[in-house]
Amino acid sequence: APLDMRFDMESNFSAYDVVNTYSEDELVRIFSEYGEERFSKRIAKKIVEVRRSKPIRTTKELADIIIAATPRIKSNIHPATRVFQAIRIEVNNELGILENTFKTAVKHLNKGGKIAVITFHSLEDRITKNVFKELSRGCICPPHLPICVCNHKPEIKLCSKAIKPSKYEMDDNSRSKSAKLRVAEKL
């Protein structure tokens, strides 16, 4: 298939653009950050090397480049999975929209209303946890000030730590293993 990965087909930005225009350093960053790919540098270097002679146009071409750039390791996961995930996240700004979405949702809650977020990936969960932490914090003055001058008030309170699926649920639904539920209440 063509290198695309867009959720919004009216967008002009696709996986083709990421793979063929991003610098080696930018590719390393997204593969590491969004894909948690341990061979990010090797893969990015190989992509840049190949595209010097011709653009990378298909998912098969990209997968073959990734396979060639990584050592053979016995795994149930295809070597290209994490890189494709990273590119998809970048193309669709999947993580970038989360922070604003959570903040907007909290603004629309009535006092006592609750926001519940289920995440299925550590990157999503980290963003959720950090946004909830930020919104539940009171004073944001620099620590060296002797008294609070910002008068910043927390917007939410955390209802509990992250809730993970029970053993029964994981046995019944193996996809739930990575899920975490975080809940907060509007103050």
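What you see is a predicted model. Start with the open sheet: three strands, in the order S1-S3-S2, with antiparallel pairing. Strand S1 (114-119) and strand S2 (156-158) are the edge strands, and each pairs on one side only. On average, neighbouring strands here are turned by 25° against each other, direction ignored.

Now look at S1 and strand S3, residues 180-186. They pair in the antiparallel sense over six bridges. Lys114 stands opposite Glu185 in S3.

Next, the helices on this sheet. Helix H6, residues 96-108, packs on it and touches S1, S2 and S3; the direction of H6 makes about 155° with that of S1. Helix H7, residues 122-135, also lies across S1, S2 and S3, and runs at about 20° to S3.

On to salt bridges. The whole structure has 14. One of them joins the side chains of Arg182 and Asp125, at 2.8 Å from N to O. Arg182 is in strand S3 and Asp125 in helix H7, so this pair ties together parts 57 residues apart in sequence. Are these two residues buried or exposed? Arg182 is buried, at 13% relative accessible area, and Asp125 is buried too, at 7%.

Compare Lys167 and Asp171, whose closest N and O atoms are 3.0 Å apart in a salt bridge. Both lie in helix H8 (residues 167-172), four residues apart, about one turn of the helix.

Last, a network: salt bridges with shared partners join Arg29, Glu33 and Glu90. In the bridge between Arg29 and Glu90, the closest N and O atoms are 4.0 Å apart.

Key
Residues are numbered from 1 along each chain as its sequence is written. This is a predicted model: local features need pLDDT of at least 70, side-chain atom pairs count only at pLDDT 80 or more; totals for chains, interfaces and linings use all residues. Side-chain values use heavy atoms; hydrogens and water are left out. Two strands pair if DSSP finds at least two bridges between them. Helices (H or I, at least four residues) and strands (E, at least two) are DSSP runs, numbered from the N terminus. Axes are lines fitted to C-alpha atoms, for helices over the stretch in contact, and angles run from 0 to 180 degrees between N-to-C directions. Contact means heavy atoms within 4.5 Å. Buried means under 20% relative accessible area, exposed over 50%, partly exposed in between (1.4 Å probe, protein chains only).
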